[in-house]
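The following note sets out points for a colleague who is examining this model. Please read them beside the sequence and the coordinates.

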Amino acid sequence: MSDIVISVRELTKCFGDFAAVDHISFDVRRGEIFGFLGANGAGKTTAMRMLCGLSYPTSGSGTVAGFDITKEGEQIKRHIGYMSQRFSLYNDLTVWENINLFAGIYGLSKADTESRATELLERLNFTSERNTLVGSLPLGWKQKLSFAIATIHRPEVVFLDEPTGGVDPITRRQFWEMIYEAADGGTTIFVTTHYMDEAEYCSRVSIMVDGKVCALDTPARLKQQFAAESMDEVFRTLARGAQRGE
Amino acid sequence: MRGFIVLLQKEFLQIRRNPFLPKLIIAFPIMIMLIMPLIMTMDVRNVNVAVVDLDRSTTSRRIVSHIEASEYLSLVGTTSEYSVAMEGLEQGDIDVIVQIPDDFERDMAVSSPQKISIIANAVNATKGSMGTQYIVQTIARSLMEIRGERSPNEQSELITVQNRFNPTLNYRHYMIPALMIILFILICGFLPALSIVGEKESGTIEQINVTPVSRLTFTLAKLIPYWIIGMFVLTVAMIVARLVYGLTPVGSIGVIYFGAMLFILTISGFSLTIANFSETMQQTMFVMFFFVMIFMLMSGLLTPIDSMPDWAQKFTVILPPRYFIEILRSVYLKGTTLAELWSNFAALGVFALIFNILAAITYKKQA
């Protein structure tokens with residue numbers, strides 16, 4: 001297996017005249033935690049949706065887990081997990097029913113589902129909530145559950161779109177522990193965030209401004225490059241040049 | 001396969017957990033079948049008649065008493081002033097005025113008398129024309145009786161009418177199959193569309209779209225629950241029709257269920273296709289209503305297709321309910337067999353196939 005899990009060349013998505021994603025190119029290595037930063041409206045979600053096989057690129061090319069994003073979207077979907085910006089598990093199903101649903105869709109057998117669900121619920125300290133309706137869980141718990149379900153089939157890559165938005169600091173911390181755990185297991189993490197402390201946790205970070213990737217390196221080297229104290233400063237230096245409003 | 005089973009389970013769980021849907025699915029068919037046949041009737045009753053009797057003879061009194069005796073007509077009164085009756089007609093208290101001319105009886109005996117005139121309020125066209133017909137029949141019967149008494153050998157009715165298949169001309173028996181179809185359209189036509197658009201609005205469909213589930217699997221999982229619900233609705237409707245209105249199918253129940261299976265697949269597939277093109281509930285509802293209006297008013301559910309203009313009759317060829325109403329009515333009232341209705345079944349089968357393929361194709365996982 002190649003070391004590069006995601007490879008993107010000149011990827012572009014236009015909505016009419018508007019280039020939401022404008023000729024971006026980058027590679028993501030296996031097992032990396034790849035931080036995908038950018039201001040609101042910079043095109044992060046659009047780019048991520050193309051990588052997940054939810055949206056067709058206008059031009060350019062890319063592969064995810066070895067499959068072409070334009071032609072082999074359905075193949076890609078077998079090998080990735082995705083957690084959208086909006087909470088999108090079924091609120092009217094219980095924790096267990098949601099796990100069973102997605103495990104079943106990914107083709108896990110009944111026995112595998114049962115054993116993984118048990119393990120997962122224990123790890124999350126959710127065992128007592130097994131039969132609780134997801135809609136009645138607090139947001140932080142929902143996000144952790146979403147992540148667990150996005151990785152239930154042990155995907156090669158997980159795409160996380162602002163997974164910790166609106167989540168309290170303690171849960172955020174726990175969430176990142178889960179991310180590290182998954183990355184240690186060899187899963188590549190592709191994550192967008194607005195929290196610059198989280199950006200510091202990433203192996204490498206790219207910063208998008210107005211649909212283009214303006215910077216891409218490890219947090220340490222980016223700080224060096226922009227002579228900044230923190231990622232926060234790096235981000236603000238770059239994002240200040242943005243033409244697009246929110 | 002397991003993917004399909006878990007998706008199907010999920011649909012049933014969601015329907016069951018919905019605070020409203022299970023109640024609707026049970027109450028709706030019962031309510032519609034209990035109440036609507038009583039209301040949706042074109043039988044005209046209680047036609048208010050005033051008689052302007054200028055003749056005041058035995059014959060005129062005979063006519064008046066016949067009008068009084070009719071179950072469809074109700075006599076408001078007799079008067080000798082035309083203007084009084086006309087006033088009543090203008091105020092809406094009287095639907096039809098019958099004026100019997102002076103010396104009617106005497107003239108009838110010797111030569112052709114002056115004609116009896118009938119003046120009807122035709123604002124409600126059905127009531128006006130039906131009321132007039134009833135009166136013409138009633139008067140004709142009175143006159144026939146009188147003639148018969150005078151020369152007994154002529155006492156034979158000129159025309160006999162026999163209504164086959166719905167011998168009592170019970171309008172309800174004609175409407176009940178139409179109501180069943182309306183139920184299918186409302187339940188199996190609207191609910192699948194709302195379920196898909198609901199997932200679009202809540203964002204859950206995106207989580208599904210990012211999985212490798214096939215479009216056909218997802219579409220079938222949405223379809224099958226409503227198919228089963230449709231069968232349930234049909235059963236409830238048939239039981240109510242039997243218990244309350246004494247209507248049992250003359251033909252085979254199997255043929256009815258088979259037709260319903262195809263029709264529900266058609267209408268649900270249609271509904272899923274609409275949902276695939278809609279982003280919001282409002283949009284879906286509006287587009288669905290547009291088509292449902294056409295289905296209900298143009299498919300011969302309420303009014304016969306034969307009396308539509310030529311272009312409209314041609315247009316009905318592409319309306320699926322048109323084929324199913326023919327099946328339901330003829331099996332229910334005439335006992336027609338599957339073999340005789342094969343072209344209708346074939347048409348429904350084709351529609352079911354087209355709409356469901358369309359529903360699977362137009363469901364876009366990647367845009």
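1. Helices α13 (residues 320-334) and α14 (residues 342-362) of chain B pack with axes 9 Å apart and at an angle of about 145°. Axes are lines fitted to C-alpha atoms over the stretch in contact, with angles running from 0 to 180 degrees between N-to-C directions; helices are DSSP runs of H or I, at least four residues, and strands of E, at least two, numbered from the N terminus.

2. This is a predicted model: local features need pLDDT of at least 70 and side-chain atom pairs pLDDT 80 or more, while totals for chains, interfaces and linings use all residues. Residues are numbered from 1 along each chain as written, with chains lettered from A and ligands numbered from 1 in written order.

3. Pro320(B), Tyr323(B), Phe324(B), Glu326(B) and Ile327(B) of α13(B) meet Asn344(B), Ala347(B), Leu348(B) and Phe351(B) of α14(B). Contact requires C-beta atoms, placed from the backbone, within 7 Å.

4. Chain A contains 9 helices and 10 strands. Its radius of gyration is 18 Å, close to the 18 Å of the globule rule for 246 residues, so chain A is as compact as a globular protein of that length. The radius is taken over C-alpha atoms, and the rule is 2.2 Å times the number of residues to the power 0.38.

5. The C-alpha trace of chain A spans about 50 × 40 × 35 Å along its principal axes. In chain A, 68% of the contacts with a separation of 6 or more join residues 24 or more positions apart.

6. The contact between the chains draws 25 residues from chain A and 20 residues from chain B. On the chain A side, α3(A) gives the most, with 6 residues.

Key:
Two residues are in contact if their C-beta atoms, placed from the backbone, lie within 7 Å.
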